[in-house]
Amino acid sequence: MIVGAIILAIGLIWELAGRFIPLGKLPGDFLFKSGNTTIYFPIVTCIIISIVLSLILSFIRR
């Protein structure tokens with residue numbers, strides 16, 4: 001239940017922050033549309049999230 005609550009909180013924060021910070025719509029995030037098929041690769045967004053989480057965890061460990 002705790003993991004579910006954490007995932008819910010992250011989802012809500014992501015939704016609210018998405019209105020102010022354009023994560024998922026950054027240059028370098030690839031979007032391919034062909035007919036009824038859409039393929040989305042958020043490469044730059046994943047890199048930024050990885051860097052931020054690495055920095056946060058680095059500070060927590062110290």
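Modeller: Start with a definition. A polar contact is a pair of N or O atoms within 3.5 Å; within protein, one must be able to donate a hydrogen and the other to accept it, and residues adjacent in sequence count only if both atoms are side-chain atoms. This is a predicted model: local features need pLDDT of at least 70, side-chain atom pairs count only at pLDDT 80 or more, and totals for chains, interfaces and linings use all residues. Residues are numbered from 1 along each chain as its sequence is written, and side-chain values use heavy atoms, with hydrogens and water left out.

Biologist: Which side chain does Asp29 join in a polar contact, and at what distance?

Modeller: Asp29 sits in the loop between helix 1 (2-17) and strand 1 (30-34). Its side chain reaches the backbone nitrogen of Val44 at 3.1 Å. The side-chain partner of Asp29 is Thr45, at 2.6 Å.

Biologist: Is Asp29 buried or exposed?

Modeller: Buried means under 20% relative accessible area, exposed over 50%, and partly exposed in between (1.4 Å probe, protein chains only). Contact means heavy atoms within 4.5 Å. Leaving out residues up to four places away in sequence, Asp29 touches several residues, among them Gly24, Tyr40 and Pro42. With a relative accessible area of 12%, Asp29 is buried.

Biologist: What pattern does the protein chain follow along the sequence?

Modeller: Helices (H or I, at least four residues) and strands (E, at least two) are DSSP runs, numbered from the N terminus. The protein chain has two helices and two strands. Read along the sequence, the pattern is α-β-β-α.

Biologist: Why is the protein chain called more spread out than a compact globule?

Modeller: The radius of gyration is taken over C-alpha atoms, and the globule rule is 2.2 Å times the number of residues to the power 0.38. For 62 residues the rule gives 11 Å, so the protein chain is more spread out, with a radius of gyration of 15 Å.

Biologist: How many bridges join strand 1 to strand 2?

Modeller: Two strands pair if DSSP finds at least two bridges between them. Leu31 stands opposite Tyr40 in strand 2. Strand 1 and strand 2 (residues 37-41) run antiparallel, and the number of bridges is five.

Biologist: What is the count of buried residues in helix 1?

Modeller: Across the protein chain, buried residues make up 5% of the 62 residues. Helix 1 has 16 residues. Helix 1 is hardly covered, and its count of buried residues is zero.

Notes
The expected span of a helix is 1.5 Å times one less than its number of residues.
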